Amino acid sequence: MRQTPTASTGRLDGADALAPAGSLRTRLAGLLRRGVGGGARRMALSTFAIRIVGAGLAYLSQILMARWMGAHDYGVFSVVWTLVMILGLFACLGFSASPNRFVPEYAGDPALLRGYLHSSRLIAVGAASLLALLGFAGIWLLRPVIDPVYVVPAYLAMLALPVFTLVGVQDGIARSYDWPALAMLPTYIWRPLTLLALLSAAMLLGYQIGATAAAAAAVAATWAVGLYQLLKLNGNLRGRVPPGPRRFQIQHWLAISLPMLLVEGFLQLITSADVIMVSFWRPPDEVGVYFAASKTLALVHFVYFAVRAASAHRFSSLYRDGDPAALDAYVRMATRWTFWPSLAGGVLLLALGPFLLRLFGAGFEAGYPLIAVLLVGVLARASVGPADALLSMSGHQKSCAGIYAGVFGLNVVLNVALIPMFGLIGAALATAAAIFFEAVALSLASRRKLGVTPFILASAPVGGAPGHGAPGR
């Protein structure tokens, strides 16, 4: 006899796993009305709202900084802060992503949950502090081959690494509890506002704003906002996790988190490495133009990251519940949430691109062709939705990491080949081609391992989705 989903788990029996497409839509609607889907919908809407405001604020801050500093210093700061974002993500050791896996999993084991919440942040901050020390040593050793304009800003930026990394882990913990405001407001709202306030105050006091001043202000803003988030998160956790003993499975946590680190890290490298590589061959003012174009494109790209942030722990819950048909339906919904807003935003961006780039100052409109090329990659990634989160949250993080490693290698090879020949447009072509390959590989891997095809034009299955693949393959 067919059973209906229970309010507590949303699971159905084997007969429902073979339900036709119409029944799947009915079941998914039920999920949306209850905990899994309803929470996801609220999380997605909150995430979208914060990311929309944050994208606008970040864009405004980049425009003002470019105007205050000029293309040359803006390019220097862009390279230095991109390096912080890359190193900060790797310093997390995957603990920025694994809360979406472990917090739902340990809901019935408070001791392990307390141990994970405590250790994840300490380990990440320790790793970031060590990496910052190595960064200081590396900058000092490489001074003969580094352009002098990068040296002091890079030294300053290393001071931000420990707290930048802490914020990344706290973001993951807050998202796993459906606290989107606590997860994202510090990073996307409070930090850029604090940075602008500090730079504005410096200008009012008569200081010249350059790359060094901007790096110092960014470090101060990161520390202030990170410590505020730490206090708020600890307060919230006290209301959700009762005090008591802690149990630790650090080796297990690292075994799961490190492959997720590779996924997150290679994704960041694919997204940001082109800015670093452009600086190897082109002067800082051209780096500034390229960075302005990529930041303009972020007005569209934020849709993918917003849906990804809202969906990751939902994938984990649905996969763990053993309901492949509901998982397939949710994946299709997440893909639609990603692609169609991205497409609409991309069309609007192509129309407004020249105007938006002129806001950065004279000469920045040269970045318009870069937007058109990079948009191809953004839409390719959007067409498969958060497929990487689907693989990682279903135990296939190693496969996902392998795909991203291959994509990053392809990206580097293409950048090395194309930037010397074609300059900035070569970097854009290399990155767009690599992301297109990434989208194809993730979609094929999801289909092979999970029986789910995350692609916007994929037809719905006639019956239920096939069973799950074995985790970790």
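My entries follow, and they concern a predicted model.

**Entry 1: positive phi.** I started with the backbone. Most residues other than glycine have a negative phi. I looked up the exceptions next. Leu 93 is not a glycine, yet its phi is positive, about 60°. I found Leu 93 in the loop between helix H3 (35–91) and helix H4 (99–105). Its relative accessibility is 21%, so I noted Leu 93 as partly exposed.

Asp 178 also went on my page, with a positive phi near 60°. Asp 178 sits in the loop between helix H7 (161–176) and helix H8 (180–204). I wrote down 30% relative accessible area for Asp 178, which is partly exposed.

**Entry 2: salt bridges.** How many salt bridges does the structure hold? I noted five. Side chains of opposite charge can pair when their charged atoms come close.

- Asp 171 and Arg 175 form a salt bridge, 2.6 Å from N to O. Both lie in helix H7, four residues apart, which means a separation of about one helical turn. Asp 171 is buried at 11%, and Arg 175 is buried at 12%.
- Arg 282 and Glu 286 form a salt bridge at 2.9 Å, N to O. Arg 282 is partly exposed at 29%, and Glu 286 is partly exposed at 23%.
- Arg 381 pairs with Glu 438, with the closest N and O atoms 2.7 Å apart. Arg 381 is in helix H13 and Glu 438 in helix H16, so this pair ties together parts 57 residues apart in sequence. I marked both Arg 381 and Glu 438 as buried.

Methods. Residues numbered from 1 in each chain as written. Predicted model: local features only at pLDDT ≥ 70, side-chain atom pairs only at ≥ 80, totals over all residues. Heavy atoms only, no water. Helix = DSSP H or I, 4+ residues; strand = E, 2+ residues; numbered from the N terminus. Buried < 20%, exposed > 50% of the residue type's maximum accessible area, 1.4 Å probe, protein only. Salt bridge = Lys/Arg side-chain N within 4 Å of Asp/Glu carboxyl O.
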